[in-house]
Amino acid sequence: MKKYSIYLSSIFLFFVLTFSCSHDENDEFSERVKISFREVGNQLLLSHQDSTSLILPIIALKPSKYRLSFEEELSFEPSRLVSLIQTNFEKANLPEHYLVEVIQCIDDEVAYSYEMSIDEESTIIPCMSRNLPLGCYHIEVRFTRRVASLMNRKTILYGSTLITFLVLLFLIYKKKQAIKTKKQNKDYIKIGSFQFYQNQNKLIKEAVEIALSKKECELLAIFVTNPNQIITRDELTKRVWEDNGVVVGRSLDTFISKLRKKLSADRSIIIENVHGVGYKLVLVN
């Protein structure tokens, strides 16, 4: 019962704090966005030696969506826009989850867009090096995850009630599950001193569980089915990223590094870098 009380108290506290937020907080957030977004426009123009044309007033299209417009036509490289927005939003302590769209004034079509997230796997930034031609553009940003104070109060009320009900159901379910005898899942692949549970995205070593991300798991599954064989970078990239319709820069090297770190507890497991070709999983006897 003590555990239940903690959960319910936390939900109640969240509910009270949410409804105590004033409209001043919303106004303060909006002002920070407008100031930061205007600075993005200023730096974008300055990067093209334009210090005279005007940046039009920032428009709040919705509580979480804002538009930046310019007096004159302009051309820019998407990578510059991505960098400026990220830098200025971080300085203003704005949310790290947002969607950016570059809209053509002439037909309201999206000329370029990308999605930023604190989670690397959810970040999508395509075609960064292709310059947008000279033209009239609106740049719109929509924050995809906002603090609760910006949500509709009635929605929060219903949502909090639903969450409370679901948490109670979950706790009842967990209590019943705890009574039952837990059976050890044997569906794993042995890698050195590790047990690799591919379907559960995890490694276990001496009762210590190590969580794997989806892509770490996919990469490791390829390696363990081809031990001591060179697997090219192209093959790994295609099987893990391209088949899902996404290619993200040097993500392969990043995830290989993460895998090495998680497997480092067993020195008999080595992921070798075959220079200019790919990688190889070596299991030392």
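**Exercise 1. Find the partner of E140 in a salt bridge, and say which parts of the chain the pair joins.**

*Solution.* Start with the rule: a salt bridge is a side-chain nitrogen of Lys or Arg within 4 Å of a carboxyl oxygen of Asp or Glu. E140 passes that test with K65, their closest N and O atoms being 3.5 Å apart. (Helices, H or I with at least four residues, and strands, E with at least two, are DSSP runs numbered from the N terminus.) Then check the cover: both E140 and K65 are buried. Here buried means under 20% relative accessible area, exposed means over 50%, and partly exposed is in between (1.4 Å probe, protein chains only). Last, look around the pair: K65, R67 and E140 are linked in a network of salt bridges.

Before you go on, a word about the model: it is predicted, so local features need pLDDT of at least 70 and side-chain atom pairs count only at pLDDT 80 or more, while totals for chains, interfaces and linings use all residues. Residues are numbered from 1 along each chain as its sequence is written, and side-chain values use heavy atoms, with hydrogens and water left out.

**Exercise 2. Work out which helices are tied together by the salt bridges of E216 with K262 and of D253 with R233.**

*Solution.* Take E216 and K262: their side chains meet at 2.7 Å, N to O. E216 belongs to helix 5 and K262 to helix 7 (residues 251-263), so this pair bridges parts 46 residues apart in sequence. E216 is buried because its relative accessibility is 2%, whereas K262 is partly exposed at 23%.

Now D253 and R233, whose closest N and O atoms are 2.7 Å apart. D253 lies in helix 7 and R233 in helix 6 (residues 233-240), so they connect parts 20 residues apart in sequence. D253 counts as buried at 15%, and R233 as partly exposed at 29%.

**Exercise 3. Decide how enclosed helix 5 is.**

*Solution.* Count first: 9 of the 11 residues of helix 5 (residues 214-224) are buried, so the helix is largely enclosed by the rest of the structure. The buried ones include C217, L219 and F223. For C217, the relative accessibility is 3%.

**Exercise 4. Locate the disulfide and describe its link.**

*Solution.* Look for cysteine sulfur atoms within 2.5 Å of each other, which is the test for a disulfide. The whole structure has 1. C105 and C136 form it, with their sulfur atoms 2.1 Å apart. The angle about the S-S bond is -70 degrees, and the link is left-handed. C105 lies in the loop between strand 4 (98-104) and strand 5 (110-116), and C136 in the loop between strand 6 (132-135) and strand 7 (137-143), so the link joins parts 31 residues apart in sequence. C105 is partly exposed at 23%, and C136 is partly exposed at 35%.
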